[in-house]
Structures are given as structure tokens and as C-alpha cells.
Amino acid sequence: MSSGQEVGSIFGEGAGPAQALLRSPTVIIAALGLWGMNIYIFRLFGIDYAHVLTLDLIKEKEALTKDDGDGTEEDGEGSDGSIRSSGSASLGKRHGGATKNGKVDHRNGRSPSAGSAITTNTNIDANNDVTSYKLIVFSLSLLVLLHFSTKIWIDVIGGTAIGAIFTFYSAVLIGICLPLPSTTWVRTACATIVHRIFELINPRCFCFREGMPRAIPFIDVFFADAMCSLSKCFFDMGMLWHLAWHYPDPVPNDMHSILIPSFVASLPYLIRARQCLVMYTIGFMKNDPKKYQHMLNAIKYSTSLWPLCVSAYEKTVTSPEEKAFLEKVIIALLAINSTYSLAWDITMDWGMMQSPQVVVPESCAVGPVSSSNPGSKSCAHAVLRPRLRFGAVYSVAILLVDTILRYSWLLRFYEHNLFASTDAYILCTQFLEAIRRSLWNLLRVEWEHIKQNRGKEVEDDDTDSEHDPFLISPSAMAMTPMRSTQAKDRHES
């Protein structure tokens, strides 16, 4: 979720609202490029991210097919079987699909056929593959288009910022819809995104159907979390439609002008909290002793709503005393949200620091050491977790940077010294949040990959060593005794 839920200028005319309109597409474009970076890093480290994202869909489809016998049962994701198959299979095809002897081709960054369990089509068009190169080039192209369309519309034609933004979105829509082979992957990706959005709002609780609710697949959890980092962009979009509705007059200083954009910004958190409640209901019906974790997670997302709402309400307040009081309230709410979210990231989303009672004796040799080989674990592995796919150095670096970016809202104390306007400050925090989310993605997918492959660690480790030896330094090998010991035992046998 976002590191800070303040909002920028809402009312009036001028550079403030204009900059607010431009920052939203800029941040979304940056997020696309950063996801391309994620794909590149997953490829380097041999993590089949497409399979990680779609495994729950594959298992659910296999279970439904097994129960039905003839494979014609209604799709377990709440839509007809054809939609589900195309959505899941296309995701696997775009992000991977090229395998060798049933294993991942880590050199080419291909996933094992994530869609092969759902579809029998093996003739995969390379134009549908989503690669890091395509995403980065696509994001740079969008950034150039945004700059020139805004420059021409405002400076040359003399139009308004609202017209420039709608011109940009129209040009992007036309470019995507043109039946060009080079943009086939974009249309396929957009279709999958629309399908996943439908699944986010699709009711899963037993109020709408009998029996136990359907479990939330990991891809929808991952997608909803990404939307939470774009919450401010949702607010900007709500403000855009407000400005367009009242154009050419300024947005009136009324309560509805606050409620509508704030509600749009809160949608990702409400969706994610609802997912947690659905999983809590499933745990309750199954008597799962860990069902309380889903409720704690839902509470975590609720802590993101209050700073956003209070910050938006602050824009309508004229009294200096009330503004000062609300500022203190916002700071307290942001501190609670950032600390809660950071603790959850480390322990639950990344599976780290889950046994704090063994950190000191294992890593610092203070007191009795439980391991039979005291030097077999590094401090980082003992503090974080035994298996670190990215290595101790990279994992610690990501954790530290994520911690710093979680508290990027502290820049508000230096806002007037560092930024020309409040909207410039908000734009900076949006960029920082997009960067933080891209780093969060690495450890989140890594942890899910580890959980999905428990019992297969030996094979995965050998595959990594074979395909990417340049990524594993001697020191990293020494800090990962499981890899060297298990490989040695297997070769001796």
C-alpha cells in the first residue's frame, strides 16, 4: 500500500490541478517500466514468476475438471470456462511458455507452460510474450507521447490541461486498438487486466452463492496490492472527471467534491480488505487456527483509508487552528499505517523474521546455538530466512530501501524547502511508492515461489547454479550452505 495517503490540489485553477492531472499518467507509465525491470530480474534469478502468479488458477481449474469429469463445469473464477481459460492461459503464454524437458528455461526467462494445464494450444505466438524489453520500450514511448501531446495541446494550440490529458488517453487507445502485429501483446495484456479487474469486483461470498466462498488466487491478491500503490492515481482520476464535469468552471468547494475522488482512491484498499474477509470466512468455515491473520491483514488495509480521508478533508478547512490539528492527526495515522504495513511486509508477505527468538543465538553466537554447525548460517539468513533466492546482500538491500521508502511521507516536513508546490511533493511520493512497490514485488514473488516449491529446493538450487553462475559469488555460496551441501550429497550418491 502507499507510503503516504495525502492528496494534492483539488479546487481552483492553475498549475496545481494541471500538474495533478499530468502526474497520474506519468506514475502509471513509470510503474509499467518498473514491472519490466521486475521481469528482467526474475529472469536473471530463474524465478518463473508467471507460474507463481497463475498456479492457483491452474490448480483450481484442474480440481473443477476432475470433479466434473467432462470439463464442462462452470469456471471456478466466477465466469464461464472459455473466459477463464483464455485469461489464465494467455497470461502464461505472454509471460512464458517455452520449456525444455518440462523445466524452466531460465536463460530465456521463459516460464514453464503456465497455461498448458488449462489449454492444449502449444503454438505460442512470440508477439504475445510480455518481455522486459517490450515493457520498457512501451513505457518510454508512452512518456514521449505524453510530453509531446501535452506540449502541443497546451503551448501550440492553447488548450487546457484537461484537453491535453484526454488527447493523450485517446491517442493511446487508438494506438492499442490498431490491428498491428507489434501491439498484439498489448491488446492481450489489456484483455487479461480487464479480466482480472472483473475478478476483483466479482462477489465470492456465500451471500451470492451456496457453499463455501471461493479462495482468492494469488494473482488477484498481487494485482490488488499493486492497485493500492496507485491509490493516489485513482484519486487524480476521480479529480479529473470532477474537473471535466465542472469545466470550464472551477471545482466548487463542496463536500461531494471531496467524497467522490476520495472514494475512488479508497477502492483498491476496500477491494483488498474484502479479499481478506473472504479468506477469513473460508478459514472460519474450515476451522483454520490461522484465520485471524486474514482479519489482521484487513485491519492493516483499513489503516490506509484514514490518512487519505483526513488529508482530503483538510483541503476544505479554512481555520488555521483546525488545519494544524488535522496535520498532527495525519502524521499519527501515517506513522501507524507505515509501521503496521512494514511489519506485515517483512513477516507475512516476505516470510522473514518469523522466529525472532533465535536471531541472537543463531546469528551473533550469543548463548546456546541450536544448529549442529554453528558456522553454517550467516547473520542475514538467521535474521531473515534460511533460503534467500536473491542472496543475502540483495535481500537485505531491498529490505532497507523498502523500509526507507515506507516513510517517504516524512518529506512533508521539508516540503517547502525541497518542492515548488504541494503537487510536486505528491508527485515525488508517488514515484517513490512506485519504486518501493517494484522492490516489494521481488521479495513477494520470491517468497510465494519458495512456498509453492517446498520439497523441490534441491532441484531449484541446482538449476540456478547451472544457468546463472555469474550471479552467485563465493561469499553468497558460503552463506547458502543448503545449496552446496545438498548438491554435494547428491553427486556423491
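Colleague: Why is D402 called buried?

Modeller: In this predicted model, D402 has a relative accessibility of 0%, and because buried means under 20% relative accessible area, D402 counts as buried.

Colleague: Which residues do salt bridges that share partners join into one network with D402?

Modeller: The network consists of D345, D402, R406, E433 and R436, joined by salt bridges that share partners.

Colleague: What makes the pair R436 and D402 a salt bridge?

Modeller: The side chains of R436 and D402 meet at 3.0 Å, N to O, and since the criterion asks for a side-chain nitrogen of Lys or Arg within 4 Å of a carboxyl oxygen of Asp or Glu, the pair qualifies as a salt bridge. The two residues belong to distant parts of the chain, with R436 in helix 17 and D402 in helix 15, 34 residues apart. R436, at 0% relative accessibility, counts as buried.

Colleague: How do you know that E327 and R412 form a salt bridge, and why is the pair said to tie together separate parts?

Modeller: The closest N and O atoms of E327 and R412 are 2.4 Å apart, which lies within the 4 Å limit for a salt bridge. E327 sits in helix 12 (residues 320-349), while R412 sits in the loop between helix 15 (391-406) and helix 16 (415-418), so the pair ties together parts that are 85 residues apart in sequence.

Colleague: Why are E327 and R412 described by two terms, one for each residue?

Modeller: E327 has a relative accessibility of 24% and therefore counts as partly exposed, as that term covers values between 20% and 50%. R412, with a relative accessible area of 11%, is buried, because the limit for that term is under 20%.

Colleague: What makes D236 and R23 a salt bridge, and where do the two residues lie?

Modeller: The closest N and O atoms of D236 and R23 are 2.7 Å apart, again within the 4 Å cut-off. D236 lies in helix 8 (residues 231-246) and R23 in helix 1 (residues 15-44), so this pair ties together parts that are 213 residues apart in sequence. Both D236 and R23 are buried. The structure holds twelve salt bridges.

Colleague: Why is the link between the side chains of E446 and R385 called a polar contact?

Modeller: The two side chains are joined at 2.8 Å, and the cut-off for a pair of N or O atoms is 3.5 Å. E446 lies in helix 17 (residues 422-452) and counts as buried, its relative accessibility being 0%. Leaving aside neighbours within four places in sequence, E446 is in contact with I47, R385, R387, L388, R389 and F390.

How values were computed:
Residues are numbered from 1 along each chain as its sequence is written. This is a predicted model: local features need pLDDT of at least 70, side-chain atom pairs count only at pLDDT 80 or more; totals for chains, interfaces and linings use all residues. Side-chain values use heavy atoms; hydrogens and water are left out. Helices (H or I, at least four residues) and strands (E, at least two) are DSSP runs, numbered from the N terminus. Buried means under 20% relative accessible area, exposed over 50%, partly exposed in between (1.4 Å probe, protein chains only). A polar contact is a pair of N or O atoms within 3.5 Å; within protein, one must be able to donate a hydrogen and the other to accept it, and residues adjacent in sequence count only if both atoms are side-chain atoms. Contact means heavy atoms within 4.5 Å.
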